Amino acid sequence: MPQFEFDFDFDFDHWRSLADEDPAAFFAARERVLQSFMDAAPRRLSAELQALQTLIDHSRAEAGTPVKASQQLLGMLGEHLAALSGHLIQLREQSRALETMFPPSAAE
């Protein structure tokens, strides 16, 4: 399966200047970059990426300030990482259980 790659050279100073000088242009450019990233992703991920971006945009709008938005988004990220960690623990437990059911053969 080919790996998804996105060549993205991020110039923070450019984006900060654009946001300060022309917020409308900043948000239009931001939208283009995000859409191009989503378009470059495998088709099977397209709907998920779009839904995630919609969730991020709504959270940012509801937060009211960039600091609150960052806190909310980091909280969501933490929740997802905790869920992934839980799944990993379950997979390890299941793997150990399978190993006891099917011990390695003497030929290995």
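Me: How many aromatic pairs are there?
Reply: The count comes to four aromatic pairs. Rings of Phe, Tyr and Trp (its six-membered ring) pair if their centres lie within 6.5 Å; planes under 30 degrees apart are stacked, over 60 edge-to-face, the rest tilted. This is a predicted model, where local features need pLDDT of at least 70, side-chain atom pairs count only at pLDDT 80 or more, and totals for chains, interfaces and linings use all residues. Residues are numbered from 1 along each chain as its sequence is written, and side-chain values use heavy atoms, with hydrogens and water left out.

Me: Why is the pair F10 and F12 tilted?
Reply: The ring centres of F10 and F12 are 6.4 Å apart and the planes sit at 50°, so the pair is tilted.

Me: And what about F26 and F27?
Reply: That pair is edge-to-face, because the planes of F26 and F27 are at 80°, with centres 5.0 Å apart.

Me: Is F26 buried or exposed?
Reply: F26 is buried, at 18% relative accessibility. Buried means under 20% relative accessible area, exposed over 50%, partly exposed in between (1.4 Å probe, protein chains only). F27 is partly exposed at 41%.

Me: Which residues form the aromatic cluster?
Reply: F10, F12, W15, F26 and F27 form one cluster.

Me: New topic. How many helices and strands does the protein have?
Reply: Four helices and zero strands. Both are DSSP runs numbered from the N terminus: helices are H or I, at least four residues, and strands are E, at least two.

Me: Where does S59 lie?
Reply: In helix α3, residues 43–63. S59 is buried, with a relative accessible area of 10%.

Me: What does S59 touch?
Reply: Leaving out residues up to four places away in sequence, S59 touches Q72, L73 and M76. Contact means heavy atoms within 4.5 Å.

Me: Which residues does Q53 touch?
Reply: R30, L34 and M38, again not counting residues up to four places away in sequence. Q53 is also found in helix α3. Q53 counts as buried at 11% relative accessibility.

Me: How much of the protein is buried?
Reply: Buried residues make up 10% of the 108 residues.

Me: What about the surface area?
Reply: The protein exposes about 9000 Å², and carbon and sulfur atoms supply 60% of it. Accessible areas come from the Shrake-Rupley method with a 1.4 Å probe; for residues, only the protein chains shown count as cover.

Me: Where is L74, and is L74 buried or exposed?
Reply: L74 lies in helix α4, residues 66–101. L74 is exposed, with a relative accessible area of 57%.
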